[in-house]
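Good morning, colleagues. I would ask you to look at the model on the screen while I take you through it.

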Amino acid sequence: MPYWHYPGTMGWAGGIGTLVLMVLVLGALVALVVVLARRGPQPPSPPDPARRILDERFARGEIDQEEYERRRDALTRTR
């Protein structure tokens, strides 16, 4: 049985409140989609050939750890 005659309804103010809430929720969803679309996937950074060579030389034992760290720090400062 429908409750059309029930006096506890919110009346026209409830309809406006529902409309405002719906607009706010849709606006938040659109803003979220825009932010996520602008971020996009980040392309992987290309490998640094100088760092790769330095790593290989350290792995082969051509340079010690102190020399490796000094050169690695110099490479990161120049980039």
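I shall go from the overall fold to the salt bridges, then to an aromatic pair and a surface patch.

First, the ground rules. This is a predicted model, in which local features need pLDDT of at least 70 and side-chain atom pairs count only at pLDDT 80 or more, while totals for chains, interfaces and linings use all residues. Residues are numbered from 1 along each chain as its sequence is written, and side-chain values use heavy atoms, with hydrogens and water left out.

How confident is the predictor? pLDDT is its confidence in each residue, on a scale from 0 to 100. The chain has a mean pLDDT of 86, with 84% of its residues at 70 or more.

Let us turn to the fold. The chain contains three helices and zero strands, and its elements run α-α-α from the N terminus on. Helices here are DSSP runs of H or I with at least four residues, strands are runs of E with at least two, and both are numbered from the N terminus.

How much of the chain is buried? Of its 79 residues, 6% count as buried. Buried means under 20% relative accessible area, exposed means over 50%, and partly exposed lies in between, with a 1.4 Å probe and protein chains only. The chain exposes about 7400 Å², of which carbon and sulfur atoms supply 66%. Such areas come from the Shrake-Rupley method with a 1.4 Å probe; for residues, only the protein chains shown count as cover.

I now come to helix α2, residues 49-60. Its 12 residues reach 16 Å from the first C-alpha to the last, close to the 16 Å expected at 1.5 Å a residue. That expected span is 1.5 Å times one less than the number of residues. Just after α2, G61 takes a positive phi of about 90°.

How many salt bridges does the whole structure hold? The search finds seven, a salt bridge being a side-chain nitrogen of Lys or Arg within 4 Å of a carboxyl oxygen of Asp or Glu. One of them joins D55 to R51, with the closest N and O atoms 3.3 Å apart. Both residues lie in helix α2, four residues apart, about one turn of the helix. D55 is partly exposed at 31% relative accessibility, and R51 is partly exposed at 29%.

A network of salt bridges links R57, R60 and E62. R57 meets E62 at 3.1 Å, N to O, and R60 meets E62 with the closest N and O atoms 2.9 Å apart. R60 is exposed, at 52% relative accessible area, whereas E62 is partly exposed at 46% and R57 partly exposed at 25%.

Next, the aromatic rings. Rings of Phe, Tyr and Trp (its six-membered ring) pair if their centres lie within 6.5 Å; planes under 30 degrees apart count as stacked, over 60 as edge-to-face and the rest as tilted. By this rule there is one aromatic pair. F58 and Y68 form it, stacked at 4.5 Å centre to centre with 25° between the planes. F58 lies in helix α2 and Y68 in helix α3 (residues 65-78), so the pair ties together parts that are 10 residues apart in sequence.

Finally, the surface. A nonpolar patch, including L19, L21, M22 and V23, has about 860 Å² of accessible area together. Patches are made of residues with over 30% relative accessible area and no salt bridge; like charges are joined within 9 Å, and nonpolar side chains (Val, Leu, Ile, Met, Phe, Trp, Tyr) within 5 Å. L21 sits in helix α1, residues 11-39, and is exposed, at 52% relative accessible area.

Definitions and conventions:
pLDDT = per-residue confidence, 0-100.
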